[in-house]
Amino acid sequence: MIPQSFIQDLLTRVDIVDVIDRHVSLKKQGANYFACCPFHGEKSASFSVSPSKQFYHCFGCGAHGSAIGFLMEYSGLSYVEAIRELARQIGVEVPEERHARHGDMQKEQSLTELMGAAARFYREQLKHAEPAITYLKRRGLTGQIAARFGIGYAPAGWQSLQKVVPNYADKALLEAGLVIENDQGRRYDRFRERIMFPIQDSRGNVIAFGGRILDQGEPKYLNSPETPLFEKGRELYGLFQARQSIRANNTVIVVEGYMDVVALAQHGVPNVVATLGTATTATHIQKLFRHADRVVFCFDGDAAGRKAAWRGLEAALETLSDVKQVAFLFLPDQHDPDTYVREHGAEAFSEQVANATPLTEFLLGELDREAELSSAEGRARYAHEAKPLVLRIGAGILKLQVVKAVAKRCALDERELMQAWGLKAPPAPPMARRDGEPWRKSKGHRDDAGPPAARGPRHQPRPLEANLLRIILDHPAWAARLPVDLIPSGSDEGRALIAIIDAVSVGDLGSQSALGTLLEHFRNTPHAATLTRMCAEQTDVIDESVIETVFHDTVHALHAKALDDEFTRLAARAGELSPDEKRHYAQLLQQKRRNPSRQPKVSDS
């Protein structure tokens, strides 16, 4: 675990404006900086970065967070990777790594340098490899696109890399997967006479290679083995180059081959990545969902393509949410993405992507292909085979939609199927009278009928603790001035506020912590959702000129409410109070008589 104290200190030392400005061009307007949001398409600058709060917020799509959160969303880094990247930018070591992983980090750095040297060597070799250049031109690639993806060529020699590494006998070459050692201890280059496609991590470092043979031979593609830098089930080819286009389109297309990625980019479809000689994993999909809300798998329409699509579907089920979508595109016979885009163009391919088959339609369609729904036994078997797939769907509302579709095919109602599957079924609808009206309603009765008091006011006042939480998010240091025993703990806002006060009081949060630091402290805690929701209301802020007054009035109102609650509690037990309680009750009653309206009205603005 990375100590929270280090994360707090790190966020204090970095400037979120500098971090974001490396990726998005910011312009200063007043106290804050603005740009067009990098997370959704827009023409006006609604993306705001506050140096005082160390916090970014988009007034258009609601994206917000700290410097760590920005790197996670923009660069697709994990939480730990984002912390490492920020630490690297300011030249400090992460404590966890300093002690437990110092040796591993040195090894990774050494391997990364070797892979970078190999990539530069292969790129240089391509300039002099006429057969490789001819092959790439025949596939429709230009020098510009080859340079963008760092494409190179591994020459025919057995030990060509010896020219660019200090020591060909270094064991790091084996660990990086650049050489192979036979039983006699003789080494030779893993890649020879192949077009070389470097595989990059989220920071652009080369971590592996894919090599394609020029002529006939096996294997057609040769990939790096798994190494300390490279894990096939986590990495995707072309993601580093495709990130901006993926965000702009809010869609990522997943194909099977390196050449498909490069050819589509060449022809104007740059939001494409490829798996690396392995089936799609849930980790792949989670990584892609950090960049876009829609993932489209593009496969050949043959049996092998449908089988690969089914594996992708199974990997995606748990990662789905009601705002994240997966779809499948099956190209016509005799076409792969490369040949299709060359023959029909980018517009036709993009139209195919837009009309791709949604995951649930593909799921039900594949189940239907094997189903025999004309008999009770066939319908029972259908429900049996659908159950483990449907129950894995991570999106609640989407799962209910699929349950309804399966129930309809099985001649059951939704409640019956859910009960058979062990799910909590919704309550039964009210029974209808013979005249068609529900038993529980009389004619002319409206659901919203009733006295206004029963329906509640059109605008409920914001609870006192919610007002205070809004203020503390703007001024975290003020949490130290709050009486924790007066904060109601019955609401999400109250519990979050108590947690902030506790964190400040024990020193887990510094008294001068900014909003971004506060959010990171509560990441992955029960309070994260509440704080995120409150931050999303940044458009509804309290004027700085009155915020101190509102803060004092709200704290005073909490005191007054506490006294009223205590008076009400004692009044309910008036006949059984102890002598001390009676004296306390009398004092409260005297206070109420002297000042019956002492509780100030707290503005809801």
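A salt bridge here is a side-chain nitrogen of Lys or Arg within 4 Å of a carboxyl oxygen of Asp or Glu. The views below come from a predicted model, in which local features need pLDDT of at least 70 and side-chain atom pairs count only at pLDDT 80 or more, while totals for chains, interfaces and linings use all residues. Residues are numbered from 1 along each chain as its sequence is written, and side-chain values use heavy atoms, with hydrogens and water left out.

**View 1. A salt bridge between Arg187 and Glu181.** Arg187 and Glu181 form a salt bridge whose closest N and O atoms are 3.0 Å apart. Accessibility is sorted into buried (under 20% relative accessible area), exposed (over 50%) and partly exposed (in between), using a 1.4 Å probe and protein chains only. On that scale Arg187 is buried, at 9% relative accessibility, whereas Glu181 is partly exposed at 38%. A search of the whole structure finds 18 salt bridges, and the next view shows others.

**View 2. Salt bridges at Glu366.** Helices (H or I, at least four residues) and strands (E, at least two) are DSSP runs, numbered from the N terminus. Glu366 forms a salt bridge with Arg306, with 2.9 Å between the closest N and O atoms. Arg306 belongs to helix α13 (residues 303-316) and Glu366 to helix α16 (residues 359-369), so this pair ties together parts that are 60 residues apart in sequence. Glu366 is buried, with a relative accessible area of 16%, and Arg306 is partly exposed at 23%. Glu366 also forms a salt bridge with Arg369, where the closest N and O atoms are 3.5 Å apart. Arg369 and Glu366 are three residues apart in α16, which separates them by about one helical turn. Arg369 counts as exposed, at 53% relative accessibility. Elsewhere, salt bridges that share partners join Arg139, Asp338 and Arg342 into one network.

View 3. Contact means heavy atoms within 4.5 Å; axes are lines fitted to C-alpha atoms, for helices over the stretch in contact, and angles run from 0 to 180 degrees between N-to-C directions.

View 4. In helix α7 (residues 130-138), the buried residues are Ala132, Tyr135 and Leu136. Down the axis of α7 these buried residues fall within an arc of 95°, so they line one face of the helix; the arc is that of the directions from the helix axis to the C-beta atoms. Exposed on the other side of α7 are Glu130, Pro131, Lys137 and Arg138. Just after α7, Gly140 takes a positive phi of about 85°.

**View 5. Helices α22 and α24 packed together.** Helix α22 (residues 492-505) packs against helix α24 (residues 528-535) at an angle of about 105°, and their axes are 9 Å apart. That makes α22 roughly perpendicular to α24, given that angles under 35 degrees count as roughly parallel, over 145 as roughly antiparallel, 65 to 115 as roughly perpendicular and the rest as oblique. Asp492, Glu493, Ala496 and Ile500 in α22 meet Thr530, Leu531, Arg533 and Met534 in α24.

**View 6. Leu400 in helix α18.** Leu400 has its place in helix α18 (residues 396-409). Leu400 is partly exposed, with a relative accessible area of 38%. From C-alpha to C-alpha, Leu400 and Val390 are 9.0 Å apart in space, and they are 10 residues apart in sequence.

**Stepping back to the whole chain.** The chain has 26 helices and 16 strands. Of its 605 residues, 45% are buried. Among contacts between residues at least 6 apart in sequence, 62% join residues at least 24 apart.
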